[in-house]
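Reader: I have a structure open and would like to talk through how it is put together. Could you take me through it piece by piece?

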Amino acid sequence: TGIWIDREGFLVRDMFKSERYRWDEVSTFIIRRKLIGKGIEFAYQPSDGGLPQVRQLPRGLGGAPWQVAKRMNDWHAWADGGISD
């Protein structure tokens, strides 16, 4: 389980699947209260014109949910040119 990030997007690996997201397909990462603890969600709009969906990052990524969400939002802004190297 983990996330691998680069300039074009990020790869999410969970126990049984891997999924690649481009930065222009996702929105802001937010923290939502769940039945057990908190989770990080983001809106996903596939570039092939599919229906918009809400996706979640896997749990246990190292750090508090707010730290992980902030880090992902910082990467998103950096990839869009909002933050300099």
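Reader: Where do Trp75 and Trp78 lie?

Author: In this predicted model, both Trp75 and Trp78 belong to helix 1, three residues apart, which is about one turn of the helix. Their rings form an edge-to-face aromatic pair, with 5.1 Å from centre to centre and 85° between the planes.

Reader: Which residues of helix 1 are buried, and what do they pack against?

Author: The buried residues of helix 1 are Val68, Ala69, Met72, His76, Trp78 and Ala79. They pack against strand 1 (2–5), strand 2 (9–13), strand 4 (30–33) and strand 5 (38–44).

Reader: How many residues does helix 1 have, and how far does it reach?

Author: Helix 1 runs over residues 65–79, which makes 15 residues, and it reaches 21 Å from its first C-alpha to its last, close to the 21 Å expected at 1.5 Å a residue. Just after helix 1 comes Gly81, which takes a positive phi of about 90°.

Reader: Let's move to the core. Which residues touch the most other members of the largest nonpolar core?

Author: That core has 14 residues, and those touching the most other members are Phe10, Val26, Phe29, Phe42 and Leu57. At least two residues each come from strand 2, strand 5 and helix 1, and helix 1 gives the most, with four residues.

Reader: What is Leu57 in contact with, leaving aside its neighbours within four places in sequence?

Author: On that basis Leu57 is in contact with Ile3, Phe10, Val12, Phe29, Ile40, Phe42, Val68 and Met72.

Reader: Phe10 keeps coming up. Which aromatic cluster is it part of?

Author: Phe10 is linked through ring pairs with Tyr21, Trp23, Phe29, Phe42 and Tyr44 into a cluster. In total the count of aromatic pairs comes to nine. For Phe10 and Trp23 the ring centres are 5.0 Å apart and the planes stand at 40°, so this pair is tilted. The pair links distant parts of the chain, since Phe10 sits in strand 2 and Trp23 in the loop between strand 3 and strand 4, 13 residues apart.

Reader: Buried or exposed, for Phe10 and Trp23?

Author: Phe10 has a relative accessible area of 0% and is buried, and Trp23, at 3% relative accessibility, also counts as buried.

Reader: How many bridges hold strand 1 to strand 2, and strand 2 to strand 3?

Author: Strand 1 and strand 2 pair antiparallel over four bridges, and a hairpin of three residues joins the two; Ile5 stands opposite Phe10 of strand 2. Strand 2 and strand 3, also running antiparallel, are joined by five bridges, and Leu11 has Arg20 in strand 3 as its bridge partner.

Methods:
Residues numbered from 1 in each chain as written. Predicted model: local features only at pLDDT ≥ 70, side-chain atom pairs only at ≥ 80, totals over all residues. Heavy atoms only, no water. Expected span 1.5 Å × (residues − 1). Buried < 20%, exposed > 50% of the residue type's maximum accessible area, 1.4 Å probe, protein only. Contact = heavy atoms within 4.5 Å. Core = buried A, V, L, I, M, F, W, Y, C linked by side-chain atoms within 4.5 Å. Pairing = 2+ DSSP bridges. Phe/Tyr/Trp six-rings, centres within 6.5 Å; stacked < 30°, edge-to-face > 60°.
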